[in-house]
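Hi,

Here is the structure I promised to pass on to you.

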Amino acid sequence: KARDYCRNQGIDIRNAMEEGTPSLGGYTVPVEMANTIIRLVEEYGVARQYCRNYPMASNVTDIPIRADGLTVNYIGEGASITTSDLTFGTAQLVAKKPAMMSLLSTELSEDSVINIVDLITTEMAWGFANNEDNQVFNGDGNPINGIATTVHADSKVPIGTAAAITLDDLHIAVGKAPIYPGANYRWYFNSQMFNTNVAPLLDALGGTTQRMFEEGNAMSLLGYPVTFAQAMPANGAGMVGLFGDLSLGTVLGTRRQVTIKRFDELYGATDQIALQSTMRHDFVVVDPGTANNPGCLISIESAA
């Protein structure tokens, strides 16, 4: 009777073991867990790639910098030559120590299908690269003075907004840069700033050159390569563009490379593992420019 009733009511009869019903075998089938994590993070590390890297032998390092050259004087026959001196200044690096720490239970370390320790160390390395780029490009003195807050006013090209940038602004930036021997100038933009506000200026010019086909994905602007620096603002107030040679105009000092330590006993009372990461570094702009003499770092500054 029960079978007939179920059939008449359209109720399916299942009397075999199945994974769809937990008590009939479903508990024995584990839920699949992927053993990788998709890390949707921006790419950083531009500063360390293009700045002049300087190994610090002490916590404070003074770097000599040429300040002024010899003076040329015209003299008459038999007259004494006026002497002049080559003068120097210094840029000082003082090691600063960023740090981070993460705690995890031993159970998580043992049972996770993800190698959680490797993931955390990868995140630590990414975090330091992110922080370093932010300090180099945007640092406000807490604790590092970055490019945006250091370059002289005469080394800046002011614009109203990021969206209001023009080809004239880009030409002015290139024109301000001094012709230093061996200078390798390039552009630095946030990718959103470049593709939203700068690239359309080039598209509006029209035409396709053979060079564009030959270079493929290599981007250039007014004959100089373009590098994406995601630490720079995409819009709003601030340094939305930079034209310069970081290897000539800046020094990135390193007293201690990124160091990661694992502590298994320190938190033994709670049966936890500690992962600690530190580094020691500093950054200084050595060519910020002066009044009427721009340096080799030309900032495009948006007011809003």
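This is a predicted model: local features need pLDDT of at least 70, side-chain atom pairs count only at pLDDT 80 or more; totals for chains, interfaces and linings use all residues.

Residues are numbered from 1 along each chain as its sequence is written, and side-chain values use heavy atoms, with hydrogens and water left out.

Helices (H or I, at least four residues) and strands (E, at least two) are DSSP runs numbered from the N terminus, and two strands pair if DSSP finds at least two bridges between them. An open sheet of 6 strands has the order β5-β12-β9-β6-β8-β7, with mixed pairing. Its edges are β5 (156–159) and β7 (220–221); each has a single partner strand, so one side of each is left without a neighbour in the sheet. Inside this sheet, β6 (residues 186–189) runs parallel to β8 (residues 224–228) over 3 bridges, and Phe 189 has Phe 228 in β8 as its bridge partner.

Elsewhere, β10 (residues 250–263) pairs with β11 (residues 272–285) in the antiparallel sense over 11 bridges, with Thr 254 opposite His 281. β10 is also joined to β1 (residues 52–55), in parallel, by 4 bridges.

Now the cores: a nonpolar core is a set of buried Ala, Val, Leu, Ile, Met, Phe, Trp, Tyr and Cys residues joined through side-chain atoms within 4.5 Å, where buried means under 20% relative accessible area (1.4 Å probe, protein chains only). The largest one has 43 residues, and Trp 187 and Phe 189 are among those with the most contacts inside it. Counting contact as heavy atoms within 4.5 Å, and leaving out residues up to four places away in sequence, Trp 187 touches Leu 242, Phe 243 and Ile 300, among others. Apart from this core lies another, of 9 residues, including Leu 104 and Ile 273.

Helix α7 (residues 191–203) has a kink of about 30 degrees at Asn 197, shortly before Pro 200; the bend is the angle between axes fitted to the seven residues ending there and the seven starting there. Asn 197 is one of the buried residues of α7, and these pack against α6 (167–176), β6, β7, β8 and β9 (238–244).

Finally, I found 0 disulfides in the whole structure, taking a disulfide as a pair of cysteine sulfur atoms within 2.5 Å. Cys 51 counts as buried at 5% relative accessibility, and Cys 296 does at 0%.

Best wishes

Conventions: Buried means under 20% relative accessible area, exposed over 50%, partly exposed in between (1.4 Å probe, protein chains only).
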